[in-house]
Structures are given as C-alpha cells and as structure tokens.
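Open the model in your viewer and keep the sequence panel beside it. The stops below say what to select and what is there.

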Amino acid sequence: MYAVIKTGGKQYRVQPGDVIVVEKIDGDAGAAVNFGEVLMLGGDKGVTVGAPVVDGASVAATLIETRKGEKIKIFKKIRRQGYRRTNGHRQFETVLQITGIEGAGESAKWDGTVNLTTKAEINARARGLAPRIEAAA
C-alpha cells in the first residue's frame with residue numbers, strides 16, 4: 001500500500017518503512033507525526049484519488065532528526081565592474097520514518113523498529129571518530 005501526502009508545499013509518495021526528508025517540522029526526535037493531507041491512496045483494492053484530499057485517510061510517521069541540509073552557494077557577478085558576491089545557505093530539514101497508512105478501508109503498518117541514529121553519528125562512526133555501540137545479545 002502507498003500514499004501521496006502533501007507537506008511543506010511538496011508532494012511525496014510514501015510506503016510503510018520509507019525514510020523521507022521533508023521541510024522542517026517542529027518536534028523532538030522520536031515524536032509521532034500524523035499527516036492528514038493524503039492526496040491519493042493505492043493498494044490491493046485499487047487507487048483512491050481525493051478531491052482534493054481522501055476523507056479519513058492519514059499517514060503516521062516517526063521523527064528521526066531535524067538537521068541542516070546541504071549548503072547552497074549563491075554567486076552574483078556583474079561582468080567588467082569588479083562586482084562579485086558569494087553567499088551560502090543551509091535549509092533546515094526533517095528526516096521521517098513512515099510507520100503506517102490508513103484510509104479507504106485499508107491499513108498498512110510497518111513492523112520494524114525505528115532507529116533514531118542521526119546521519120552525523122553514522123558518518124562519524126564510518127570515519128572512526130565516534131565509539132561504536134555494540135548491541136547486547
């Protein structure tokens with residue numbers, strides 16, 4: 001089962017278990033997030049298209065982290081005038097794990113566990129800069 005949701009002025013096609021990066025959403029790591037603006041649902045019973053949203057449909061997600069995205073460079077120049085300006089910008093973004101979809105008489109849940117390890121921590125472990133935490137057996 002899949003759904004098309006709208007958040008931050010953009011549309012995302014999601015399935016249970018997907019990890020998506022969206023515009024900044026307020027909340028702490030591990031918080032539950034619900035999306036009520038479901039534009040379309042697809043599943044075993046067929047496709048349900050909303051007008052503009054599907055009534056009673058919702059998508060549940062868990063907030064993993066809020067971080068800054070990649071740096072975007074802004075460069076301005078006017079030729080032959082000695083005018084050059086360089087700026088940079090990093091947009092805030094939120095990483096979400098989709099945990100469930102409900103609506104149109106169907107529901108789909110993700111049966112895995114949400115790992116709240118941030119991308120920065122994973123990168124530090126890969127470079128050998130952070131201590132590895134071994135799971136107790």
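A salt bridge here is a side-chain nitrogen of Lys or Arg within 4 Å of a carboxyl oxygen of Asp or Glu. With that rule in hand, select E65, R67 and E93: salt bridges link these residues in a network. Within this group, R67 and E65 form a salt bridge whose closest N and O atoms are 3.3 Å apart. Are R67 and E65 buried or exposed? Both are buried. Buried means a relative accessible area under 20%, exposed means over 50%, and partly exposed lies in between, with a 1.4 Å probe and protein chains only.

Before the next stop, a note on the model and its numbering. This is a predicted model, in which local features need pLDDT of at least 70 and side-chain atom pairs count only at pLDDT 80 or more, while totals for chains, interfaces and linings use all residues. Residues are numbered from 1 along each chain as its sequence is written, and side-chain values use heavy atoms, with hydrogens and water left out.

**The whole chain**

Colour the chain by secondary structure. It has 1 helix and 11 strands, and the pattern along the sequence is β-β-β-β-β-β-β-β-β-β-β-α. Helices (H or I, at least four residues) and strands (E, at least two) are DSSP runs, numbered from the N terminus.

Now show the C-alpha trace. Along its principal axes the trace spans about 65 × 50 × 25 Å. The chain has a radius of gyration of 20 Å, whereas a compact globule of 137 residues would have one near 14 Å. That radius is taken over C-alpha atoms, and the globule rule is 2.2 Å times the number of residues to the power 0.38.

Of the 137 residues, 28% count as buried. Taking a contact as heavy atoms within 4.5 Å, 63% of the contacts between residues at least 6 apart in sequence join residues at least 24 apart.

**Two further salt bridges**

How many salt bridges does the rule give? The count comes to 6. For one of them, select E23 and K10, where the closest N and O atoms are 2.8 Å apart. E23 lies in strand β3 (residues 19-23) and K10 in strand β2 (residues 10-14), so this pair ties together parts that are 13 residues apart in sequence. E23 is partly exposed, with a relative accessible area of 28%, and K10 is also partly exposed, at 37%.

Move on to E102 and K109. Their side chains meet in a salt bridge, at 3.1 Å from N to O. E102 is partly exposed, with a relative accessible area of 36%, while K109 counts as exposed at 58%.

**Two loops**

Select A51, in the loop between β6 (46-49) and β7 (58-68). A51 is exposed, with a relative accessible area of 76%.

The last stop is D111. Where does D111 lie? D111 is in the loop between β11 (106-109) and α1 (119-126), and at 77% relative accessibility it counts as exposed. Draw one more C-alpha distance, from D111 to G128: these residues are 17 apart in sequence and 31 Å apart in space.
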